[in-house]
Amino acid sequence: MPLIRYRSGDIARFLPEPCSCGSRLRRLDYIRRRVEGPAQLDANCVLTMEELDEWLFAVPGVIDFFATVDSRSKPVQLSIQLLTIGEAAAARRQARQRVELLPALRDLQVNKGLTLDIQAVVCDGSLPMAAGKRKINKIGGSA
């Protein structure tokens with residue numbers, strides 16, 4: 001378990017108490033955040049991979065996604081590419097609805113015009129090999 005967490009960049013801690021089931025294996029506490037995860041969208045707006053995971057993997061048919069924040073453009077642009085099984089248009093529509101409800105993005109969209117671009121691609125049966133940790137790709141200065 002710690003090696004998987006190390007590779008993903010998750011920040012957590014080992015629990016000192018033994019497991020109630022009697023196992024002697026060390027247990028990990030709640031994952032707090034990722035080392036490279038947060039993307040600063042604005043002075044008051046930070047987006048994390050954990051938020052995107054929670055909101056996008058709840059969309060039926062989404063099996064993976066890639067997110068990019070471009071802070072060079074004004075307003076800031078958030079691009080998300082979904083990998084889906086089933087109907088891509090429905091997954092794209094539902095993902096847009098969910099992302100627009102993200103607490104970190106609501107104020108930024110309304111007051112500062114965050115640009116949101118969501119695309120969906122249907123999986124052809126082969127999964128792309130991800131290189132390294134899942135993270136929000138950042139283009140530009142402050143993101």
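In this predicted model, F65 has a relative accessibility of 1% and therefore counts as buried, since the cut-off for that class is a relative accessible area under 20%. F57, by contrast, has a relative accessible area of 37% and is partly exposed, because this value falls in between the 20% limit for buried residues and the 50% limit above which a residue is called exposed.

These two phenylalanines belong together: a search of the whole structure finds one aromatic pair, and F57 and F65 form it, with a centre-to-centre distance of 5.4 Å and an angle of 55° between the planes. The pair is classed as tilted, because planes count as edge-to-face over 60 degrees and as stacked under 30 degrees.

A further ring is involved in a contact of another kind, in that R26 lies over the face of F14, at 4.0 Å from the ring centre.

| Residue | Relative accessible area | Class |
|---|---|---|
| F57 | 37% | partly exposed |
| F65 | 1% | buried |

As to the chain as a whole, the protein has four helices and ten strands, which, read along the sequence, follow the pattern α-β-β-β-β-β-β-α-β-β-α-α-β-β. Of its 143 residues, 32% count as buried, and the accessible surface of the chain comes to about 9,000 Å², with 55% of that area belonging to carbon and sulfur atoms. Among the contacts with a separation of 6 or more, 58% are accounted for by residues 24 or more positions apart.

Terms used:
Residues are numbered from 1 along each chain as its sequence is written. This is a predicted model: local features need pLDDT of at least 70, side-chain atom pairs count only at pLDDT 80 or more; totals for chains, interfaces and linings use all residues. Side-chain values use heavy atoms; hydrogens and water are left out. Helices (H or I, at least four residues) and strands (E, at least two) are DSSP runs, numbered from the N terminus. Buried means under 20% relative accessible area, exposed over 50%, partly exposed in between (1.4 Å probe, protein chains only). Contact means heavy atoms within 4.5 Å. Accessible areas come from the Shrake-Rupley method with a 1.4 Å probe; for residues, only the protein chains shown count as cover. Rings of Phe, Tyr and Trp (its six-membered ring) pair if their centres lie within 6.5 Å; planes under 30 degrees apart count as stacked, over 60 as edge-to-face and the rest as tilted. A charge sits over a ring if NZ of Lys or CZ of Arg is within 6 Å of the ring centre and within 35 degrees of the ring normal.
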